[in-house]
Amino acid sequence: MKTIYSIAKECKDYIEQNISFKRNRIHSDRVVFTDYDIVGNIKQLERLLIDFHSAIKGKYPSIATSLKENMDLYDNDPIIHISAITAIVDCICAIEQPLNGKRIFISHSSKDVQIVSNFMDHILCLGIGINRNDIFCTSIEDVAIRNGEDIRKHIQDNIRCADYSFLLISDNYKTSEICLNEMGAVWAYDSNVRLYLLPDTNFNSIGWLCDTRKANKITDTVALDLLYKEMCEYYSLPDNFRNWSQQREIFINR
């Protein structure tokens, strides 16, 4: 089944590749007038726009109404109405464009990479059942940023897309400007944020953070069990508490 984005993109591509404006110069009594004609297969575009209208009318009723009005009035002034239709198609493409982020975002200090790696492996992947490819974690090589990618944009996209964001707080984290910037971005999007204090980090040492979010020790069995239940339900994952308990204990005792 086609998505709204794929239908809108098909219209957008067709307009860009097959529809153009032809400028005409009309000479009359030493005065030169200019007008434009539409060049291209308008009938084919109309067929694409009918499908486009059907796709958006449920989710974007007001935009669909505007689209239909411009389609109906097209013959009155093709230039004006094809321009309006193009703007509508571009708007829906921008709104519906799929994001390239991942489901889980982990904000942490690169100096805490070992415990972060264990958390990802034994808690999220082996314990809860999250696919490793759905996790973004900058310090873990196979789920981080690839060479050549825009680091800031990549991090922002993944924060924006995340179902869950984990802030793994340590003394290293608090002294990192990058980590604190990530924290601000995570809270701005508020995507099921979870704060966990790494070992040797206590509630008193995180200061103002306690006023904003409730943090748990990353080795707190009760807190981890609640996370397991919540994420299994959220993602409709099978509940295998025996396996979870084993992986949780491996993580805590490492």
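Let me begin with a term: a residue is buried when its relative accessible area is under 20%, exposed when over 50%, and partly exposed in between, using a 1.4 Å probe and protein chains only. This is a predicted model, so local features need pLDDT of at least 70, side-chain atom pairs count only at pLDDT 80 or more, and totals for chains, interfaces and linings use all residues. Residues are numbered from 1 along each chain as its sequence is written, and side-chain values use heavy atoms, with hydrogens and water left out.

First, the overall picture. The protein chain has 11 helices and seven strands. Both are DSSP runs, numbered from the N terminus: helices are H or I with at least four residues, strands are E with at least two. Of the 254 residues in the protein chain, 41% are buried. Now contacts, meaning heavy atoms within 4.5 Å. Take those in the protein chain with a separation of 6 or more: 61% come from residues 24 or more positions apart.

Next, helix α1. Which residues of α1 are buried? They are I4, Y5, I7, A8, C11, Y14 and I15. They pack against α2 and α4. The expected span of a helix is 1.5 Å times one less than its number of residues. For the 15 residues of α1 that gives 21 Å, and the end C-alpha atoms are 21 Å apart, so the two agree.

How do α1 and α2 cross? The axes of α1 (residues 4–18) and α2 (residues 42–56) come within 9 Å, at roughly 155°. Axes here are lines fitted to C-alpha atoms, for helices over the stretch in contact, and angles run from 0 to 180 degrees between N-to-C directions. That makes the pair roughly antiparallel. The cut-offs: under 35 degrees is roughly parallel, over 145 roughly antiparallel, 65 to 115 roughly perpendicular, and the rest oblique. The crossing of α1 and α2 is left-handed. Left-handed means the near helix is turned anticlockwise from the far one by less than a right angle; clockwise is right-handed. On the α1 side, the contact uses I4, I7, A8, E10, C11, Y14 and I15. On the α2 side, the residues include L45, L48, L49 and F52.

On to α4, residues 78–96. Its 19 residues should span 27 Å, and its end C-alpha atoms are 27 Å apart, which agrees. Its buried residues are H81, I82, I85, I88, V89, I92, C93 and E96. Why are they on the same side of α4? They cover an arc of only 135° around the axis, where the arc is that of the directions from the helix axis to the C-beta atoms. The face of α4 turned away from the buried side carries exposed I80 and A94.

Now α10, residues 221–234. Its axis comes within 10 Å of the axis of α5 (residues 113–128), crossing at roughly 45°. The two are therefore oblique, and the crossing is right-handed. Among the residues that meet are F119 and I123 in α5, and L224 and Y228 in α10.

The axes of α10 and α11 (residues 241–253) come within 11 Å and cross at roughly 140°. That makes them oblique too. This crossing is right-handed.

Last, S109. S109 sits in the loop between β3 (104–107) and α5. Is S109 buried or exposed? At 5% relative accessibility, S109 is buried. Leaving out residues up to four places away in sequence, S109 touches S170, N172, Y173 and C179.
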